[in-house]
Amino acid sequence: MLNAEVMTMLLQLDRDEVNEVYDVLKHHINSLNRGAKNTLSVGDKVWFTHEGKRIECNVEKINRTKVVVRPLDGGQGWRVGASILKPIETAFNPLTGMVE
C-alpha cells in the first residue's frame, strides 16, 4: 500500500508528469517479469491471487511477456505476468522417495 505522502505527491502531478511516472513503472514491472521468468520452467507448480482467492496452477508455456498457466483442477488457462507467480512449496516424501 502506498503511504499517504507518496499518494499526495502523485495526485499533484500534471498529465506529462503522470506519463513519465507511468513509463518508469512500466519499465520496472517489465524488469521484474523478466527476472521472475528466468526462475520458471514448464511444469512448475505455482500460485497467484485473483479476486482474493489463491489459484494453484502448472506452468504450461513461457512467452516473451506472459506465462501461460492452467489451474491444477483443470479449469480455464490464464496468461499472467511472471512476477505475480509464486512457487508452490514442495515436500519430500520419505515413503515414496519422491518430491511432491
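This is a predicted model: local features need pLDDT of at least 70, side-chain atom pairs count only at pLDDT 80 or more; totals for chains, interfaces and linings use all residues.
**Ground rules.** I number residues from 1 along each chain as its sequence is written, and I use side-chain values based on heavy atoms, with hydrogens and water left out.

I looked up the strand order first. The model has an open sheet of 5 strands, ordered β4-β3-β2-β1-β5, with antiparallel pairing. At its edges stand β4 (78–80) and β5 (86–87); each has a single partner strand, so one side of each is left without a neighbour in the sheet. I take strands as DSSP runs of E of at least two residues, numbered from the N terminus, and I call two strands paired if DSSP finds at least two bridges between them. For β3 and β4 I found 3 bridges, in the antiparallel sense.

I then went to Pro71, which lies in strand β3 (residues 67–71). Is Pro71 buried or exposed? Pro71 counts as buried because its relative accessibility is 11%, where buried means under 20% relative accessible area, exposed over 50% and partly exposed in between, with a 1.4 Å probe and protein chains only. I listed its contacts (heavy atoms within 4.5 Å), leaving aside neighbours within four places in sequence: Ile55, Glu56, Cys57, Gln76, Gly77 and Trp78. I also checked Lys45, which is 26 residues from Pro71 in sequence and 9.4 Å from it in space, C-alpha to C-alpha.

Side chains of opposite charge can pair when their charged atoms come close. My rule for a salt bridge is a side-chain nitrogen of Lys or Arg within 4 Å of a carboxyl oxygen of Asp or Glu. How many salt bridges does this rule give? The count is 2.

One joins Arg70 to Glu60, with the closest N and O atoms 3.0 Å apart. This pair links distant parts of the chain, with Arg70 in strand β3 and Glu60 in strand β2 (residues 53–62), 10 residues apart. Arg70 is partly exposed at 32% relative accessibility, and Glu60 is partly exposed at 38%.

Glu56, already noted as a contact of Pro71, forms a salt bridge with Arg54, the closest N and O atoms being 3.0 Å apart. I have Glu56 as partly exposed at 33% and Arg54 as partly exposed at 45%.

Notes. Helices (H or I, at least four residues) and strands (E, at least two) are DSSP runs, numbered from the N terminus.
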